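Here is a short report on one protein chain. Keep the sequence and the structure in view while reading.

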Amino acid sequence: MGARTVDVDALFAEHNAALVRYLTRLTGDPDQAQDAAQESYLRLQTRPPTHTANLRAWLFTVATNVVRDQWKKQVAVRGLADVSPQALATDPQQDPHEQLERAERRQIVRKMLARLSERERTVLLMREEGFLHREIAETVGTTTKSVGTMIARALRKLAGELGPAGGILS
């Protein structure tokens with residue numbers, strides 16, 4: 001089976017906003033998210049998959065792997081719980097008090113996500129983007145049946161981290 005032709009522009013138009021949103025949540029850094037998304041589209045254009053019918057899942061899988069590779073390269077320089085100033089950027093039209101509250105909530109969420117394993121973070125963030133269990137399983141290398149258990153376990157960990165202040169993220 002030869003390489004298939006892929007309309008990268010159409011895929012970009014359809015999925016880029018969700019991909020960058022997912023990657024920003026995963027990395028905590030909008031610039032790193034943009035770089036990873038761009039690298040994913042470049043790989044799609046230069047080495048399109050020959051075996052998958054679900055290009056959206058393939059794109060998110062490649063993007064997740066790009067981020068993993070970036071983390072491996074940065075592990076000595078930067079920890080997973082770091083939050084860049086860009087990740088805390090907010091709408092300048094918002095009330096400063098609201099901006100501060102949103103920034104604090106983001107920091108709490110990043111710290112909580114950093115306490116999860118890479119696999120648990122990926123599962124939760126892909127679920128948040130509306131992926132099917134089948135697509136999540138393909139990305140993290142597990143069975144469809146175990147995805148629900150992984151999601152429930154990760155959510156329990158997050159709930160345990162929140163403790164009595166559970167309403168802080170509402």
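Which residues does E135 touch, not counting residues up to four places away in sequence? They are N54, R56, A57 and M126. Keep in mind that this is a predicted model.

## Overall make-up

The chain has seven helices and zero strands. From the N terminus on, its elements run α-α-α-α-α-α-α. Of its 170 residues, 39% count as buried.

Take the contacts between residues at least 6 apart in sequence. Among them, 66% join residues at least 24 apart.

## Confidence

The average pLDDT of the chain is 79. A score of at least 70 is reached by 78% of the residues. Over residues 76–88, the pLDDT is below 50. Beyond near neighbours in sequence, that stretch has 24 contacts in the model.

Among the elements, helix α1 (residues 8–27) has the highest mean pLDDT, at 91. Helix α4 has the lowest, at 77.

## Helices α1 and α2

Helix α2 covers residues 30–46. It packs against α1 at an angle of about 145°. The two axes are 8 Å apart. The crossing of α1 and α2 is right-handed.

Which residues meet here? From α1 come V8, L11, F12, H15, N16, L19, V20, L23, T24 and T27. From α2 come P30, Q32, A33, Q34, A36, A37, Y41, L44 and Q45. By class, the contact has twelve nonpolar residues, seven polar ones and no charged ones.

P48 sits in the loop between α2 and α3 (55–74). Is P48 buried or exposed? P48 has a relative accessible area of 17%, so it counts as buried; the cut-off is under 20%.

P48 and V6 are 42 residues apart along the chain. Their C-alpha atoms are separated by 6.9 Å.

## Helix α4

Helix α4 spans residues 96–114, which makes 19 residues. How far apart should its ends be? At 1.5 Å a residue, the helix should span 27 Å.

Four names stand out for burial in α4: A103, R110, M112 and L113 are buried.

Helix α5 covers residues 118–128. Its buried residues are E120, R121, T122, V123, L124, L125 and M126. G130 follows α5 and has a positive phi, near 90°.

E129 lies in the loop between α5 and α6. Its relative accessible area is 10%, so E129 is buried. Which residues is E129 in contact with, leaving aside neighbours within four places in sequence? The list is A18, R21, Y22, R25, R56 and F60.

## Back to E135

E135 lies in helix α6 (residues 133–140). Its relative accessibility is 6%, so E135 counts as buried. One of the residues it touches is M126, which is among the buried residues of α5. E135 also touches R56, and R56 is in contact with E129 as well.

V147 lies twelve residues from E135 along the chain. The C-alpha atoms of E135 and V147 are separated by 9.7 Å.

Conventions: Residues numbered from 1 in each chain as written. Predicted model: local features only at pLDDT ≥ 70, side-chain atom pairs only at ≥ 80, totals over all residues. Heavy atoms only, no water. Helix = DSSP H or I, 4+ residues; strand = E, 2+ residues; numbered from the N terminus. Expected span 1.5 Å × (residues − 1). Buried < 20%, exposed > 50% of the residue type's maximum accessible area, 1.4 Å probe, protein only. pLDDT = per-residue confidence, 0-100. Contact = heavy atoms within 4.5 Å. Axes fitted to C-alpha atoms, helices over the stretch in contact; angles between N-to-C directions. Left-handed = near helix turned anticlockwise from the far one by under 90°. Nonpolar A, V, L, I, M, F, W, Y, C, P; charged D, E, K, R; others polar.
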